[in-house]
Structures are given as C-alpha cells and as structure tokens.
Amino acid sequence: MTALMIGPLVLTVYNGFQRVSYGDPGQFVGLANYTSTLTDARFLAAAGFTTLYTAGMTVGKIIVGYAMALMLNAVRPKARSFFLGLLLVPYVVPTVIGALVFSWLFNDTFGGLVNLLMQPLGFAPDWFTDPSAAKLLLVLHSIWHEAAFAILVLLAALQGVPRERIEAAAIDGASWWQTQWRIVVPSMRGFLAFIALISIMDGFRVFDSIRMITPAASTVGTESLMVYVYNVALGETQQLGLASAINVITIVIILIFLVPFVRQTWQEMKTA
Amino acid sequence: MSAPSTVKIRPQPRRLTAVTSSTSVGRRRRWKTVLIYAGLSLAALASVLPFIWALLTSVKPYTDAFVSPPVWTFTPQVGAYEELWYATRFAEIGLNTIVVAVITVIISLAVGAPAAYALSRYDSSIALWLLILALVFRALPRFVVALPFYTIAQALNIYDTQMMLIIALVAVNQPFTIWLLRNFFAELPRQLEEAAQIDGCSRFAAFRHVILPLAGPGLLTAGIFTFLLAIQEYLIPVVLTQQNATTLSVFIASFGIAEDTSLYQIIAAASVLLAIPIIALAFFAQRFIVSGLTGGAIKG
C-alpha cells in the first residue's frame, strides 16, 4: 500500500532530473529542468495565478462558510438538515460536471442567466474571454463547489463555543459584531486554520474546473500550475522530465503549508 | 435563591418597560428569523440552480434551448435522453464507472480497515510517521500519481484497463480512508478487545468479531466517501484510460469541451442523469457525509 504511494513519488523526483518522454530511457540533465522552469515566464504566470486563485477562494469560502454556519445554527434541526442537503449538492457532484453546469449560467449560448440578472447593475462581462472576469468566474465556482466543507466544519465548531461566554458578553453590552469577533472567532481559530489548510492544498492543485470552464487557459491567464503540467506532459509537448520538475516544485510549496499542521498533529498524538 | 427575591423588589414602572422592550425584542427576533430563512433559501437555490438549468436545457426543444434571454414557455421533450441512451456509450460507461467504484471501495476498505485499526492502537513512532505520510499524500497533486502510473501502465501493457484504474484510485484514496477509519477506531475503547483477548480471542479474532461490527458506521462513511471520490475523479481516468475503462466524468467532460452546440443538450441530459443519484445520496446518507467531512477536523 505504501509502495503504491511512494513509488510514484520517487519516480517523479527521479524524472525531474531527466530529459525524458514516454517509452524513452531518458538522459540525466541535473538541475536543467528546474532552472528552465524557474526562469520560464509561463511557469511564473501560472504560479502567480494559482496563488491569487487560492487566496481568493480560501477567503471567500471562509466568509461564506461562516455566514451559512451561523444561519444554519439558528434554525430548527429539521430545517437545518434540509438546507444542508441542498448546500451539499455542489460538493458531492463530480467537479468536472459541476464546473460545466455552473459555467452555463454565465454563458450567453445557454441563455446568459447571470448577465441577465446583472444587467441593471451595468456589469455584464464576457466571462470566458475577459481575463479578469474569467479569473473571478473560477474563484466563484470554487466557492460554490467547496463552501459546503467550510460550512460543515464551522457548524460543528459553533456548537463547541461556550454558551456562557456569549451570554456573559451580551450582559456586558457587547454588540453582535463584537461578540462574533472577540469570542466566537477566537474560539474557532483551530477550525478556521484547518479549513484554510485544506483549501490551500486544494487550491494549489486545481485542475478539473479550469479544464472545463476555460479550456484555453493560457490565453486568458487562467493557467494553473497543474494545467501547465498537463500541457507540458500530455498536451502541447511530451516533456515528462520538465513536468516532473514542476510537480516537485508544487509539492514543496504544499509541504511548506503542511508543516504547522503536521507539527500540531504530532503534538496531539504525543499528549494523547 | 437570591434571584427571585430581587425580581420581587423590582418597582412597578421598571417591570413595565421590561415588558414593552421584550415585545420589541420579539418583533426583532421574528424579523431575524425571516432574514435567516431568506438567506438560507437563497444559498440553497444558488447551490442547485446550475442543475435545474441543465435540466431545463436538456428538455427544451433545440430551437428554444440556446437563445438569450431564455425562453420560459416550451413543450418538454425527451429526445436528448433517448439519443444519449441509444446513440452514445453512456449506459456502458456508466456501468463501468459503477463497477470500478465498487471494486475500489471493497479493496480500499479491506486494506484500509486493518491498517487504520493498527494505527489507532499502537502509538509507536512508526505508526505516527505512517499517519503523517498518509496526510502528506492526501495533500499531493494528482499528477504526482498519474504521470508515473501512466509510464508504468504503458510499460506493463495495462494502460486503459479497469485494473490499472482501480489500482491508481485505491492508491489515491487510501490515505483518506485510513485517516478517516483511524478516527473511528480510536473512539472505540481498548477495553473491548482486551476483554475479548482475556476470553481467549487472538488479536485478529478480537478485531474481526468485536471491533469490526462496532465500526459499522465508520466503515459505511469511509465506503461512501471512497465511492464518491472514485466517481468524482477526473484526472486519473483521463490520464490512464482511453476507451475500455473510461468513466462518466471523462465521458461528459470530453463532450463538454467540444464546441458543438448540437451536442450540448445530450451533455446536459448526461449531467442530470449522473447528478440525480448523487444528489439522492447527499440527502439519504447526509449523516455519514457530515461525519466524514467533520471527522478529520474535530476528532483528529
């Protein structure tokens, strides 16, 4: 089982040092793949977009998740599970299909429902060719797709916030905002960090939705690191070595974000 | 004891203001409830609107389906569904998707349950490292698995087979399965299998007869998640399959990227048919999905 996971990883690192394509023995090229990747403008653009995307959707998911969790926490259990069932739908349907049908709402070919609703506001871009609108569309899709996870985690977290502290704050005359900001949010810090962590991990490996919503990603500036890997390894060229090097760089970025989480798990396990 | 006496000595006028303010609080609370339900309804509508739209697109006559602003009155048609079922490989690929997902679930649980149980019981540092490894692998990009597997599949001549696809899906989903099951096993008290062992059970018999039956909800949760992940997965089947072993996600996506309007209604029909059972699952198995999603965060 472990071999199934470690084998591919070792092969990836090994290929990163080779000039190799499929069915080819390969040739050792040292760090050449890494130097050419790190100086490649297209890689840097992909890294920049991926970071922007990850930041946008992480913040968005936490805000939406928090608001929804507060509302769900205030309604009766029957109503809660009804709304939760509907809110879960975008999360459980395959990403590629969700992305496809979500993008149809923004597509004039399919009636352009969103632009129709937004016309009075004077904001009706072409979501698939305007670079900033395309980026926004991908972030919106991600929030639509994955907010359910943040909602569930924060809903569970809300039920663990000590009631006495909220009541004490109310007696002391704290406003609603003050209670949320000073008491509820700090007591859920660990959960918010957990959501951010998972979201960052998912953000850096985004592929499915971009492939569906903006197939020609490199022309509208929505090429993520993984879409770039796809294009390098299986699309325009078959440079497995170069793609492996980009993979290794992405792994390093993700691992850096994982360090605090692993350390926390480590400490919990030691004390448990 | 002191609380009621303070209420008693409260002078009359104050009590009156307390009454009036409580009705205004009541009115404000009613407004708050209305706003909350309105907010939730709006969010719920936004969650399912794309699927409703896909359904409308699939049943509209072709001349009405692709005009802006949208046409609201039309005679529903099922032509797209007939064409999907009889003229494309939808049924065959759908069956293949289910077979692959079910076998992936069985193998994942058969391998994952004993491993997770061991991890929950031995807190030696090896178990801990394995757990951290499982977490790290959960975080890795899919390509790290997909590209080497592609090379291996070509070399062993098992490219585009169900076996290759299942091996890759198990490898990708296993860390999550183990992580989830470990949390369930960790909640079951050790005394249970210790008692069984005192009564003469071997360690494995104790696991089989005492722990496994109790872990039912945990196994079901892990099974549902593995099933969903196997159906949702796009990158692994798109890289590892071509014709024979391909899944519905790949099938629908390949149509979706094509820029042929005449195919759009068939894609919409396929999306609706795939989404309906999964949405039903989200309602009927909600308890397990919720516990699976929050399990890692809360109990971890």
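Colleague: What makes B:Arg89 and B:Glu92 a salt bridge?

Modeller: This is a predicted model, so these are computed values. The closest N and O atoms of B:Arg89 and B:Glu92 are 3.0 Å apart. The cut-off is within 4 Å, so the pair qualifies.

Colleague: Why is B:Arg89 called partly exposed?

Modeller: Buried means under 20% and exposed means over 50%. B:Arg89 has 27% relative accessibility, so it falls in between. B:Glu92, at 47%, also counts as partly exposed.

Colleague: How many salt bridges are there over all chains?

Modeller: The search of the whole structure finds six. One of them joins A:Arg42 to A:Glu223, with the closest N and O atoms 2.8 Å apart.

Colleague: What makes that a link between distant parts of the chain?

Modeller: The two residues are 181 residues apart. A:Arg42 sits in helix α3 of chain A. A:Glu223 is in the loop between α12 (217-220) and α13 (225-235) of chain A.

Colleague: Is A:Glu223 buried or exposed?

Modeller: Buried. Its relative accessible area is 5%, and the limit is under 20%, so the label holds. A:Arg42 is partly exposed at 28%.

Colleague: What else is found at the start of α3(A)?

Modeller: A side-chain oxygen of A:Asp40 reaches to within 3.0 Å of the backbone nitrogen of A:Arg42.

Colleague: How do you know that α3 of chain A has the span expected of a helix?

Modeller: Helix α3 covers residues 41-73, which is 33 residues. From first C-alpha to last it reaches 47 Å.

Colleague: Which residue meets B:Glu233 in a salt bridge?

Modeller: B:Arg142, at 2.8 Å from N to O. The pair is 91 residues apart. B:Arg142 lies in helix α7 (residues 142-156) of chain B, and B:Glu233 in the loop between α11 (216-232) and α12 (235-240) of that chain. B:Glu233 has 8% relative accessible area, under 20%, so it is buried. B:Arg142 has 22%, so it counts as partly exposed.

Colleague: What makes α11(B) mostly covered?

Modeller: Of its 17 residues, 12 are buried. Among them are B:Leu219, B:Ile224, B:Phe225 and B:Leu228.

Colleague: Which residues touch the most other members of the largest nonpolar core?

Modeller: B:Phe143 and B:Phe185, in a core of 175 residues. Helix α7 (residues 131-158) of chain A gives the largest share, 17 residues.

Colleague: Why is this core said to lie between domain 1 and domain 2 of chain B?

Modeller: Because domain 1 (2-65) and domain 2 (80-298) both give residues to it.

Colleague: What does B:Phe143 contact, leaving aside its neighbours within four places in sequence?

Modeller: Its partners in chain A include A:Phe207, A:Met226 and A:Tyr230. Those in chain B include B:Pro148, B:Leu235 and B:Val239.

Colleague: Why is B:Ser271 called buried?

Modeller: Its relative accessible area is 1%, and the limit is under 20%, so it is buried. B:Ser271 lies in helix α14 (residues 261-284) of chain B. Not counting residues up to four places away in sequence, B:Ser271 touches A:Ile97, A:Val101 and B:Ile252.

Notes: Residues numbered from 1 in each chain as written. Chains lettered and ligands numbered in written order. Predicted model: local features only at pLDDT ≥ 70, side-chain atom pairs only at ≥ 80, totals over all residues. Heavy atoms only, no water. Helix = DSSP H or I, 4+ residues; strand = E, 2+ residues; numbered from the N terminus. Expected span 1.5 Å × (residues − 1). Polar contact = N/O pair within 3.5 Å; in protein donor to acceptor, adjacent residues only side chain to side chain. Core = buried A, V, L, I, M, F, W, Y, C linked by side-chain atoms within 4.5 Å. Buried < 20%, exposed > 50% of the residue type's maximum accessible area, 1.4 Å probe, protein only. Domains from an automatic or database assignment. Contact = heavy atoms within 4.5 Å. Salt bridge = Lys/Arg side-chain N within 4 Å of Asp/Glu carboxyl O.
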